[in-house]
Amino acid sequence: MAETANATELTSQQQTRLTILDMLQNDTAAAQQAINFIGDDQLKLELFKRQYTLAQTEPTAVSRTTKAIQGVKDALPLFQ
C-alpha cells in the first residue's frame, strides 16, 4: 500500500511546476517561459509570485510572465 501512496505523491519539482501552471491559468507558453527561468529555485518562485501579481496590467499571460521575470532578475541581487 505504501508503494501506491508514494506513486501518487508529487515531487517538489512537479509541485513547483503545477503551482506555476495554476498561477498562469494553464497558459502553457507562459508556464514554459517561467519554468525555464525558475527551474527548481524556491527563491525565484517566491519572487516570481510577487512580481507576477504586480504585473497585472500586462494584457497577456506571456507578457505578464516576461515582466515578472525581469522583476525577479532585478530583485535577485538583494539576496546575494
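Analyst: Happy to! One term to begin with: a patch is made of residues with over 30% relative accessible area and no salt bridge, where like charges are joined within 9 Å and nonpolar side chains (Val, Leu, Ile, Met, Phe, Trp, Tyr) within 5 Å. Accessible areas come from the Shrake-Rupley method with a 1.4 Å probe, and for residues only the protein chains shown count as cover. This is a predicted model, in which local features need pLDDT of at least 70 and side-chain atom pairs count only at pLDDT 80 or more, while totals for chains, interfaces and linings use all residues. Residues are numbered from 1 along each chain as its sequence is written, and side-chain values use heavy atoms, with hydrogens and water left out.

User: Which residues form the nonpolar patch on the surface?

Analyst: Leu43, Leu78 and Phe79, and together they have about 330 Å² of accessible area.

User: Where is Leu78, and is it buried or exposed?

Analyst: Leu78 lies in the segment after α5 (61-75); helices here are DSSP runs (H or I, at least four residues), numbered from the N terminus. Leu78 has a relative accessible area of 70%, so it is exposed (over 50%; buried is under 20%, and partly exposed is in between, with a 1.4 Å probe and protein chains only).

User: New topic: how many salt bridges are there?

Analyst: The count comes to three, a salt bridge being a side-chain nitrogen of Lys or Arg within 4 Å of a carboxyl oxygen of Asp or Glu.

User: Which residues are linked in a network?

Analyst: Salt bridges link Glu46, Lys49 and Arg50. Glu46 meets Lys49 at 3.2 Å, N to O, and Arg50 at 3.3 Å, N to O.

User: How far apart are Glu46 and Lys49 in the helix?

Analyst: They are three residues apart in α4 (residues 42-54), so about one helical turn separates them. Arg50 and Glu46 are four residues apart in α4, again about one helical turn.

User: And what does Glu58 pair with?

Analyst: Lys67, in a salt bridge of 3.7 Å, N to O. Glu58 is partly exposed at 26%, and Lys67 is partly exposed at 44%.

User: Last one: at what angle do α4 and α5 pack?

Analyst: About 125°, with their axes 8 Å apart. So α4 is oblique to α5: angles under 35 degrees count as roughly parallel, over 145 as roughly antiparallel, 65 to 115 as roughly perpendicular and the rest as oblique. The axes are lines fitted to C-alpha atoms, for helices over the stretch in contact, and angles run from 0 to 180 degrees between N-to-C directions.

Definitions and conventions:
Helix = DSSP H or I, 4+ residues; strand = E, 2+ residues; numbered from the N terminus.
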